[in-house]
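Opened the model today and jotted down what I looked up. The entries follow.

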Amino acid sequence: MQQTIMYKSTRNSDLRVTSSQAILQGLAPDGGLFVPEKLPVWDGDFRRLSEQSYQETAYQIMRLLLTDFTEEELKDCINKAYDAKFDDPSMAPLRHEGDAYYLELFHGKTIAFKDMALSILPHLMTVAARKNQITDEIVILTATSGDTGKAAMAGFADVPGTKIIVFYPKDGVSRVQELQMRTQRGGNVHVVGIDGNFDQAQTGVKKIFRDPEMNRRMKAQGLRFSSANSINIGRLVPQIVYYFYAYGQLLRQGAVKPGERINITVPTGNFGNILAAYYGKRMGLPVKKLICASNENKVLVDFFRTGAYDKNRSFKLTSSPSMDILVSSNLERLIYRISGDDSEQTAKLMSALSSQGVYKITDGMYTKLSDFYGNYASEEETAEEIAQVYRDCGYVIDTHTAVASKVCRKYREETKDTTPVVIASTASPYKFARAVVCAIEPEMAEKTDSELIDELQTLSGVRIPEAIEDIRKAPILHNTFIAGDGMEKEVASWLGLS
Ligand SMILES: *Cc1c(COP(=O)(O)O)cnc(C)c1O
């Protein structure tokens, strides 16, 4: 008999909901994030893991956490999500290059790892709505540092009973990312560029979620908000799957013995992807260190070194824009855990973060961070890493993956740890073609975007993905730009709230 897992808010442990309710709500009403009351133990065996398909692994992991979904519902969601939309039959191939294993998570429709979870989230949400007899139309509000927005729209476009609004920092995403969003089709999608950075977009969205007046106006018109950001556990749970799947592939390739520990390196922004790996570890995946890689916005590196989280610093625009984040939302889930599931203390720290921009954890909490190692790569180091991996292996990685690859190198040099390492490869190099090609061939800087994309094909030998061909010819459909403080008004006006 399988145990039921309920979800609690990190800021109020009296609030308990089922997994489908947590997915529907996205953010808890008190502003906290939903966390599983306890993490279930993975009940599979290594031999089977090494033989399973992605879909089978997905079912085996997700059933442990989404316990109010039936077998049929979950399998149906999984089969609809992980199909020929992915341009690799294994969904997430593991490539051995140099002395690392790159877990390619960018074979979905929008060529970034966000597709791994956002291909399934709309299906989970539709089932969750049915289960809870929700007849309201669900309005997905999303802040994006570049990749979530497109992946969420690709998932939710024309899904009956849903609308989706995406806010992106208008000067803070790559050219390809911006075009991908502004060419999005679908009668239920709205794309808005804001004059501000990702943190402002994310704070604005969280504020709208919690605004009682907005929620009253929504309800009056048969609407309700939810989230497609990684604050939604419907994003987090599917992301645990690929770490188990990666381990299965390592076993199959003979790179590890059953039960042998690995390290996992994750290029980190909102702390969602690495948190999924941490949950995987706690469920029984043999992991030694979780290596958290930042770009020059290295607030997490300082946090792991000092125990103080301080967002009061200048925001840098880098070549890895999806990691240009100073407030990593999902860190709240780790804080909650290391406080001993103390929602009062978590709420206090988060309130200090929003009022003073800084908080410090206790010494007792700090000792519980030993699963993690944090470091960063500068802009120069990121470009060098792309060039070096290409020189050494003929393998082309994107800027985000390069940050992780470089930090992994630093970790090994510092610690002499020779544990096999999986690096989460989070985007196709085509998504950041300019930065990638110029890192390998600086003389290409004068070329047009289109020429750089062709050059990337020559360098990598990987065919131009459909996602890129699409934006080369698709018309721009979205031209809405607003000031950073106009988000609420924009939502009300597009939804026609009275
Ligand atoms: C979103 C994103 C990241 C950061 O992931 P988090 O879960 O926010 O830490 C890294 N790389 C790419 C390409 C992304 O799109």
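**Notebook: a strand residue, then the ligand**

I started with Asn263, which lies in strand β10 (residues 262–267); strands are DSSP runs of E, at least two residues, numbered from the N terminus. This is a predicted model, where local features need pLDDT of at least 70, side-chain atom pairs count only at pLDDT 80 or more, and totals for chains, interfaces and linings use all residues. Residues are numbered from 1 along each chain as its sequence is written, and side-chain values use heavy atoms, with hydrogens and water left out.

Is Asn263 buried or exposed? I found Asn263 buried, at a relative accessible area of 2% (buried is under 20%, 1.4 Å probe, protein chains only). A polar atom of the Asn263 side chain is 2.9 Å from the backbone nitrogen of Lys289.

Next, the ligand. I counted 15 residues around the ligand, with Lys114, Asp147, Gly269, Asn270 and Thr426 the closest (near means a heavy atom within 4 Å). The shell splits into five nonpolar, eight polar and two charged residues, and Gly counts as polar here.

Which side chain has an N or O atom 2.6 Å from a ligand oxygen? That one belongs to Lys114. I also noted backbone N or O atoms of Asn270 at 2.8 Å and of Gly272 at 3.2 Å, each from an oxygen atom of the ligand. Taken alone the ligand exposes 380 Å², and the protein buries 98% of that (Shrake-Rupley method, 1.4 Å probe).

Key. Polar contact = N/O pair within 3.5 Å; in protein donor to acceptor, adjacent residues only side chain to side chain. Helix = DSSP H or I, 4+ residues; strand = E, 2+ residues; numbered from the N terminus. Buried < 20%, exposed > 50% of the residue type's maximum accessible area, 1.4 Å probe, protein only.
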